Amino acid sequence: MPTIVFVSPKGGVGKTTAALLLANQLAMAYDVTLIDADPNRPIRAWSAGGHAPSRLSVVSDVDEENIIDRIEAAAEKTPIVIVDLEGTAAKIVVLAVSQADLAVIPIQGSQLDAEQASRAIKVIKQREKMTGRALPYAVLLTRTNPVIRTRTMSHIQQGLIEAGIPVMQTELHDREAFRAVFSFRQPLQSIDPREVANLDKAQANVEEYAAEIVRGLAAVSGAQKSGVKVA
Ligand SMILES: Nc1ncnc2c1ncn2[C@@H]1O[C@H](COP(=O)(O)OP(=O)(O)O)[C@@H](O)[C@H]1O
Ligand SMILES: [Mg+2]
């Protein structure tokens, strides 16, 4: 407890990046398990670089047969479990969502589309029917321009909010440093600032993002204890 799942309406929106950045940041303060449930195993490939933080365990021997067991086992071992998933249609996604305490729906800011978010939310609502338990969730806008906010972007973001879809205040900007995490197979924290532009800004962005997730988790667990229904 808690388990955070990353559910995305489609591939390439920055889901694996967002999951890995969060896991590395939280592993500075907590023991974290990151479950790589994407059959392409991008996180296993990353951790094979040998630079994963000591408090981060990566689990990648997962499939739809064992995902629930893997999440349960991880939740017994570490206080935080993060699950990176493939596209929303797969059964493994539904199973992982059934175990979650918080779902993050990354959506690429540049091609933001409420339609996409609603497909991911459908999986969440389905789980609510299955388990009778609400699952708090929020959309995370990813790969946004740190300098310019386009009118289209503001407009669509407003649309999501008006549709009652929770949107995280923090956005993950489009940063070379976030790509470098994968190409160097290192956590952001150990990348040499001489090698990548704006590493400090990327780091500040991730800290803000992780802090918002931690606040969200605190709100969720407080609400669960008090019996209040969230989202
Ligand atoms: N915030 C970001 N800044 C820069 N590049 C990003 C960012 N998020 C994702 N990318 C790049 O976009 C591509 C797809 O990202 P990925 O995290 O693998 O998406 P998904 O898991 O949704 O398929 C990768 O090449 C990744 O490096
Ligand atoms: Mg991915």
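Me: Is Thr152 buried or exposed?

Reply: Thr152 is exposed, because its relative accessible area is 51%. Buried stands for under 20% relative accessible area, exposed for over 50%, and partly exposed for what lies in between (1.4 Å probe, protein chains only). The model is predicted: local features need pLDDT of at least 70, side-chain atom pairs count only at pLDDT 80 or more, and totals for chains, interfaces and linings use all residues. Residues are numbered from 1 along each chain as its sequence is written, chains are lettered from A and ligands numbered from 1 in the order in which they are written, and side-chain values use heavy atoms, with hydrogens and water left out.

Me: Where does Thr152 sit?

Reply: Thr152 belongs to helix 6, residues 151-162. Helices (H or I, at least four residues) and strands (E, at least two) are DSSP runs, numbered from the N terminus.

Me: And how many residues apart are Thr152 and Leu20 in sequence?

Reply: They are 132 residues apart in sequence, and their C-alpha atoms are 28 Å apart in space.

Me: Which residues of strand 5 are buried?

Reply: On one side Leu102, Val104, Pro106 and Gln108 are buried, and on the other Ala103, Ile105 and Ile107 are, so both faces are covered. Seven of the seven residues of strand 5 (residues 102-108) are buried, which means that the strand is largely enclosed by the rest of the structure.

Me: What does strand 5 pair with?

Reply: Strand 5 runs parallel to strand 1 (residues 3-8), joined by three bridges, and Val5 has Ala103 as its bridge partner. Strand 5 also pairs with strand 6 in the parallel sense, over six bridges. There, Ile105 has Val139 as its bridge partner.

Me: How many residues of strand 4 are buried?

Reply: Six of the eight residues of strand 4 (residues 80-87) are buried, and the strand is mostly covered. Strand 4 pairs with strand 1 in the parallel sense over five bridges, with Gly87 as the bridge partner of Ser8. Five bridges also join strand 4 to strand 2 (residues 32-36), again in parallel, and Thr33 stands opposite Val81.

Me: How many bridges join strand 6 to strand 7?

Reply: Two bridges join these parallel strands. Thr144 stands opposite His173 in strand 7.

Me: Changing topic: how many salt bridges are there?

Reply: A search of the whole structure finds six. A salt bridge is a side-chain nitrogen of Lys or Arg within 4 Å of a carboxyl oxygen of Asp or Glu. Side chains of opposite charge can pair when their charged atoms come close.

Me: Which residue does Asp174 meet in a salt bridge?

Reply: Asp174 meets Arg143, at 2.8 Å from N to O. Asp174 lies in the loop between strand 7 (172-173) and helix 7 (176-183), and Arg143 lies in strand 6 (residues 137-144), so the pair ties together parts that are 31 residues apart in sequence. Asp174 is partly exposed at 28% relative accessibility, and Arg143 is partly exposed at 37%. A network of salt bridges links Arg143, Asp174 and Arg179.

Me: What about Arg70 and Asp61?

Reply: Their side chains also meet in a salt bridge, at 3.0 Å from N to O. Arg70 is partly exposed at 27% relative accessibility, and Asp61 is partly exposed at 46%.

Me: Last topic: at what angle do helix 3 and helix 4 cross?

Reply: The axes of helix 3 (residues 67-77) and helix 4 (residues 91-98) cross at roughly 30 degrees and come within 9 Å. Axes are lines fitted to C-alpha atoms, for helices over the stretch in contact, and angles run from 0 to 180 degrees between N-to-C directions.

Me: Which residues meet there?

Reply: Ile67, Ile68 and Ile71 in helix 3 meet Ile92, Leu95, Ala96 and Ser98 in helix 4, where contact means heavy atoms within 4.5 Å.

Terms used:
Pairing = 2+ DSSP bridges.
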